[in-house]
Amino acid sequence: TELAVIPIVGSILDVDVGDVDSNGTYETVIGADDGTVYLFDEGLNFLWDYETRGYNFRTVITDLNEDGINEVLVVAWDNSYLLDSQGKLTKSYVTKNILRKLYFDKFNNMIHVSRWYREDTQDWRGTFVYSLNRNLAPMWEFKTETDAVASGFFDINNDGKEEIILGGNKGEIIILDSKGGFTKRFDLPDRIFKVGLINDQNQSYLIAGSKDNNLYILNPETGNIEYEFTTGGWVETFFVKDINNDGKDDILIGSDDNKIYLLAQKKNFPNNDQNKSQNDIPVEPQKPSTETKNTPFGEAGIIGGALLAGIYLALRNRR
């Protein structure tokens with residue numbers, strides 16, 4: 001059933017729903033690529049708009065400074081704007097970068113992972129990671145020549161603090177601590193499309209989907225590759241969830257070979273001896289495997305210890 005049609009000039013890049021004016025009803029905020037942020041009431045009637053003159057990559061309804069009053073946070077290109085319930089600008093922070101990903105820590109500080117604008121060459125090369133506090137004041141920054149096309153923000157060492165994970169277009173994996181300090185670097189053979197986290201027996205492992213057709217599971221402390229699974233195409237996405245309700249995380253993989261793979265943790269499955277290790281020394285690029293597994297159900301043995309004591313593979317063609 002069609003409830004309403006909202007006319008937007010540009011393409012919609014982000015949407016959020018929340019109580020902007022604290023009156024007990026929900027408003028909808030929309031960020032578009034025409035440089036405009038739009039706010040609509042619960043009946044989707046137009047309330048106000050705000051011109052940012054840039055692609056509005058993120059629009060979030062949030063009480064950033066935790067004063068009990070919601071605001072609208074907008075990130076246009078990589079410029080941060082804080083608007084009140086009437087669409088009036090209250091705070092801003094302006095850069096020349098281009099946002100790739102926005103994260104919030106538990107104190108409502110923002111972490112921007114952005115394409116770095118290089119003043120020397122007048123273009124965007126490398127990655128600029130920085131944090132703004134709840135008043136949009138800068139806290140720390142980290143710059144790297146690595147073009148981080150993937151990133152994550154989660155606690156990989158179970159110390160109660162989130163780390164920033166960067167995955168580069170040449171296979172680089174860079175780990176920053178909660179204050180933006182460099183801690184580790186590992187290198188995989190090819191471009192990283194996505195990074196994630198999986199837990200097993202109170203141990204966290206890093207997951208990376210790669211252009212070399214592989215999904216990697218790594219020890220975040222040593223960089224050792226604990227498990228490597230090969231598909232018939234680029235691994236651009238995956239999803240971690242306890243799908244079979246056995247209390248253990250499973251991995252659903254989407255590959256460019258038009259198949260979906262399910263890696264499910266099982267008990268009492270024998271390990272194999274195909275362990276591979278990885279340290280912070282760059283490895284030589286390897287030719288991606290082109291082998292496609294066509295069996296509708298097969299087994300894949302685990303590599304190395306407690307993680308995923310057994311893995312069973314189920315795949316089906318994507319229709």
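Tyr103 stands opposite Ile111 in β10. The strands here are DSSP runs (E, at least two residues), numbered from the N terminus, as helices are (H or I, at least four residues). Before going further, please note that this is a predicted model, in which local features need pLDDT of at least 70, side-chain atom pairs count only at pLDDT 80 or more, and totals for chains, interfaces and linings use all residues. Residues are numbered from 1 along each chain as its sequence is written, and side-chain values use heavy atoms, with hydrogens and water left out.

Strand β9 (residues 98-104) runs antiparallel to β10, and six bridges join the two; strands count as paired if DSSP finds at least two bridges between them. Five residues lie between the strands of this hairpin, where Asn108 takes a positive phi near 70°.

Is His112 buried or exposed? His112 is buried, with a relative accessible area of 0%; buried means under 20%, exposed over 50% and partly exposed in between, using a 1.4 Å probe and protein chains only.

The His112 side chain makes polar contacts with the side chains of Asp78, at 2.9 Å, and Ser80, at 3.5 Å. A polar contact is a pair of N or O atoms within 3.5 Å; within protein, one must be able to donate a hydrogen and the other to accept it, and residues adjacent in sequence count only if both atoms are side-chain atoms. Beyond its neighbours within four places in sequence, His112 is in contact with residues including Val75, Leu99, Phe128 and Tyr130, where contact means heavy atoms within 4.5 Å.

## An open four-stranded sheet

Four strands form an open, antiparallel sheet in the order β1-β2-β3-β4. β1 (12-18) and β4 (46-51) stand at the edges with a single partner strand each, so one side of each has no neighbour in the sheet.

Inside this order, β2 (residues 27-32) and β3 (residues 36-40) pair over four bridges. Gly31 has Val37 of β3 as its bridge partner.

## The largest nonpolar core

The largest nonpolar core has 15 residues, and Ile165, Ile173, Leu188, Ile192, Ala208 and Leu218 touch the most other members. Such a core is a set of buried Ala, Val, Leu, Ile, Met, Phe, Trp, Tyr and Cys residues joined through side-chain atoms within 4.5 Å. Two or more residues come from each of β13 (148-154), β15 (172-176), β17 (192-200), β18 (203-210) and β19 (214-218).

Leaving aside neighbours within four places in sequence, Leu218 is in contact with Ile173, Leu188 and Ala208, among others.
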